[in-house]
Amino acid sequence: MKSFRINQSEMLSHDSIERSILKPSRGKRNREDVKEVLDNLEPEIEIVYNMVSSGNFKPRKHQTVVINEKNYLKVRRIIKPDFRYEQIVHHLIVQSISDCIMSGMYQYVLGSVPNRGAHMGARSIEKWIKKDPANTKYVLKMDIRHFYESVNHRVLKRWLKKKFRDKFLLELFDVVIAAADMGLPLGYYTSQWFANFLLQPLDHYIKEKLHTKYMTRYVDDIVCLGRNKKELHKVRLAISEYLENELGLTMKGNWQVFRFEYTAEELAITCKSLKELERLGNDLEAKRIRYKSKMHKGKRKIFIKLSGVKNKRELLSSILDKYHATSEVLLMVHGRPLDYMGFEFHRNRTVMRESIMLRATKKAVQVSKQEKINPKDAASLLSSMGWIKHTDTYDMFQERIKPIVNIKTLRKVVSKNQRRLNNAVKLENSRGYTARAA
């Protein structure tokens, strides 16, 4: 692991501290505490400089806030840091170390990284699936159990000492990390960067030691693609051991290794009665011809893969004649699609996750019934258009959303509401200061 030194004078320069104040203030400049800092920017920059350089930065303890995300059926516990001066120091740290962390980052690490979102990951997975079907035959999907809550402070500090050699910066890390009794608190800007940094050794282990050809990680969700199911099981065991021994983390028990979706030509056989179909199946078993009996279009049928009866065509035709059965060749889909990052990846298409699609259609129905469209609902529905734009679900949009909602009208509602909010804040000047009273 390459180590770095951070220039303290550059980190605590006037411009650096100013950026760390202005960036987290976006979207909340009408708050009193934020206004007070922005209206006295130069003195506040001096206060932050003295606080950090002298080692007097002490974050206060916060109560955990429970957020119930009904849309995702999840309950999250977050901590809301103070803008003055916790968020400012968090941004000051991240803008100083982000380039160092990204220098050793695997190229397909996604989530909480600039310009590396879910859409980039979707494009990469689609490319792998189309160009190399042989090496994307099986899928290993797993994630880490209570990742943010389970991060061991001692382990994280040990890895940070290997990466950064500056004593003042390591002491600042210790103060920020110790603000939470255990783990990395959701709500801290530093947490997502520390999380991705802590899992970097795991990424290198998977690629360089286990030699996994296709692998991507979205924060703590890991997907590996391979050509052999046994190899992926070995990879899973090795990753589990590495997490426990090196990082003090545990793999969640719902990991999966499965055959990725594929198509195969099969012979679909039907009989006039179920009894004849059962007897036909018994004859196939006696002749050692593999088959599957399942429902298809409301009828019970026997399916036989054509690749498995190349040398038994005459025998098969004699059995079919015996029971007066009819047959047809069908292209059947087997395996499972990959559900990852809100997308559902198939061999020939990518669609949005069913729960996201249902949420968008429900929101469209809700908006269509409003006499005066709520700007918040309009913005929520417009955000769903990103999923439609980047997936093969335009037919769904034309069928379920377009007939009842006018997208241009929603954009006008959101634009008008945003102009009203901007005018209410008195239009800040180009440097981000709040407007003083006349």
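Buried means under 20% relative accessible area, exposed means over 50%, and partly exposed lies in between, with a 1.4 Å probe and protein chains only. The structure is a predicted model, in which local features need pLDDT of at least 70 and side-chain atom pairs count only at pLDDT 80 or more, while totals for chains, interfaces and linings use all residues. Residues are numbered from 1 along each chain as its sequence is written, and side-chain values use heavy atoms, with hydrogens and water left out.

**View A. A patch of positive charge on the surface, with Arg 420 as one of its residues.** Lys 372, Lys 416, Arg 419 and Arg 420 gather here; such a patch is made of residues with over 30% relative accessible area and no salt bridge, like charges being joined within 9 Å. Arg 420 belongs to helix H18, residues 407-424 (helices are DSSP runs of H or I with at least four residues, and strands are runs of E with at least two, numbered from the N terminus). Arg 420 counts as exposed because its relative accessibility is 52%.

**View B. Ser 20 in helix H2.** Ser 20, placed within residues 14-25 of that helix, is buried, with a relative accessible area of 0%. Apart from neighbours within four places in sequence, Ser 20 is in contact with Ile 88, His 91, Leu 92 and Gln 95, where contact means heavy atoms within 4.5 Å.

**View C. The salt bridge between Glu 44 and Arg 84.** The two side chains meet at 2.6 Å, N to O, a salt bridge being a side-chain nitrogen of Lys or Arg within 4 Å of a carboxyl oxygen of Asp or Glu. Glu 44 lies in helix H4 (residues 41-53) and Arg 84 in helix H5, so the pair ties together parts that are 40 residues apart in sequence. Glu 44 is buried at 4% relative accessible area, whereas Arg 84 is partly exposed at 30%. Together with Glu 36, these residues are linked in a network of salt bridges.

**View D. The cis peptide bond between Arg 84 and Tyr 85.** Omega is about 10° at this bond, and Tyr 85 lies in helix H5, residues 83-103. Most peptide bonds are trans.

**View E. Arg 288 in a loop.** This loop runs between helix H13 (274-286) and strand S9 (292-296), and Arg 288, although not a glycine, has a positive phi of about 60°. With a relative accessibility of 73%, Arg 288 counts as exposed.

Terms used
Patches are made of residues with over 30% relative accessible area and no salt bridge: like charges are joined within 9 Å, nonpolar side chains (Val, Leu, Ile, Met, Phe, Trp, Tyr) within 5 Å. Accessible areas come from the Shrake-Rupley method with a 1.4 Å probe; for residues, only the protein chains shown count as cover. Lys and Arg count as positive and Asp and Glu as negative; His and the chain ends are not counted. The place of a charge is taken as NZ of Lys, CZ of Arg, CG of Asp or CD of Glu.
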